[in-house]
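Here is a friendly tour of the pockets and the sheet in this structure. Please keep the 3D view open as you read.

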Amino acid sequence: MKFQGSDQYVATPDLMLAVNAAATLQRPLLIKGEPGTGKTMLAEEVAQALGMPLLQWHIKSTTKAQQGLYEYDAVSRLRDSQLSDAESSQRVRDIRNYIVKGVLWQAFTAEQPVVLLIDEVDKADIEFPNDLLREIDRMEFHVYETRELIRAKHRPLVFITSNNEKELPDAFLRRCFFHYIKFPDADTMQSIVNVHFPTLKKDLLAAALKTFYDVRNLPGLKKKPSTSELLDWLKLLVAEDISAEVLQTKDEKVAIPPLVGALLKNEQDVTLFEKLVFMQRNHR
């Protein structure tokens with residue numbers, strides 16, 4: 001099976017090629033790109049398009065690699081051992097009752113191949129990717145408490161996303177197929193918007209895209225608006241019934257758009273944008 005995009009996700013040819021290359025090589029697909037460019041959604045859409053179950057592991061700053069394999073709940077076992085009923089006593093005798101299976105364990109033992117998303121791997125400690133090397137490479141791990149070896153019944157299709165908050169180890173990168181999702185150009189962005197707003201008026205779409213790219217291309221922005229923020233903004237424009245004329249200026253100069261808070265998310269960027277508009281008005 002090959003991924004050829006979906007009705008809900010506009011995938012460029014190079015992105016589809018990357019997904020299928022990773023599947024052919026049986027390597028994790030490491031996806032990087034600006035926040036809001038659809039890295040997480042890619043795994044969801046691939047799973048749906050290929051008819052595969054999706055397992056997700058969203059990484060936090062406190063996440064440890066061991067949690068993806070399993071965790072031994074010693075506290076619950078101690079609590080049960082202090083109870084006097086027969087059911088608790090029977091339960092305590094088998095340590096397997098206190099082994100909590102992680103996402104990797106679930107993916108390895110699934111009855112059919114699954115899509116496994118390891119989301120925002122760069123949020124965790126720098127040792128996190130290294131700690132997963134053996135398991136991802138060999139598709140097996142040991143459960144030391146029960147002396148079991150858990151081997152993958154089927155190799156999952158692994159997606160790993162990163163926002164480039166930390167550099168990833170070379171040994172980890174060597175085991176992945178890499179793809180960087182470039183920010184969509186105007187034509188691709190129009191296709192993305194058409195998926196989410198199929199009935200949007202063409203004049204409003206054209207005006208909104210021009211305004212969006214004018215804002216995004218402003219030099220010195222601390223945070224450039226992303227695809228997801230454009231979609232949020234369009235949703236508001238439709239809800240407020242704002243016309244294309246409101247977004248357009250007669251002299252083609254940048255103007256402060258309505259509901260700009262959907263696009264610019266900090267006071268420095270708003271101030272910078274307002275200064276640009278003020279300077280343009282004074283130089284007419």
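The second largest pocket has a volume of about 340 Å³. Of its 21 lining residues, A23, T24, M52, R155 and L157 lie closest to the centre. A pocket here is an open set of points on a 1 Å grid over the protein atoms alone, where a 1.4 Å probe fits, with protein on both sides within 12 Å along at least five of seven lines; lining residues have an atom within 4 Å of a point. Grid points are joined across faces, edges and corners, and the volume is the space filled by probe spheres set on them.

This is a predicted model, in which local features need pLDDT of at least 70 and side-chain atom pairs count only at pLDDT 80 or more, while totals for chains, interfaces and linings use all residues. Residues are numbered from 1 along each chain as its sequence is written, and side-chain values use heavy atoms, without hydrogens and water.

Helix α1 gives the most to the lining of the second largest pocket, with five residues, and β8 (157-162) also supplies at least two. Helices (H or I, at least four residues) and strands (E, at least two) are DSSP runs numbered from the N terminus.

The largest pocket has a volume of about 540 Å³. Among its 31 lining residues, Y9, T37, G38, I181 and I192 are the closest to its centre. Helix α9 provides the largest share of this lining, four residues. Elements that each supply at least two residues include α2 (39-50), β9 (177-181) and α11 (227-239).

The table sets out the two linings by class, where Ala, Val, Leu, Ile, Met, Phe, Trp, Tyr, Cys and Pro count as nonpolar, Asp, Glu, Lys and Arg as charged, and the others, Gly among them, as polar.

| Pocket | Lining by class |
|---|---|
| Largest pocket | 12 nonpolar, 13 polar and six charged residues |
| Second largest pocket | 14 nonpolar, four polar and three charged residues |

Now to the sheet. Five strands form an open sheet in the order β2-β5-β8-β1-β9, with parallel pairing. Because β2 (54-58) and β9 stand at the edges with a single partner strand each, one side of each is left without a neighbour in the sheet. Strands pair if DSSP finds at least two bridges between them. Strand β1 (residues 29-33) is joined to β8 by four bridges, and L29 has F159 as its bridge partner in β8.

Helix α2 packs on the sheet, touching β1, β2, β5 (115-119), β8 and β9, and its direction makes about 165 degrees with that of β8. Contact means heavy atoms within 4.5 Å; axes are lines fitted to C-alpha atoms, for helices over the stretch in contact, and angles run from 0 to 180 degrees between N-to-C directions.
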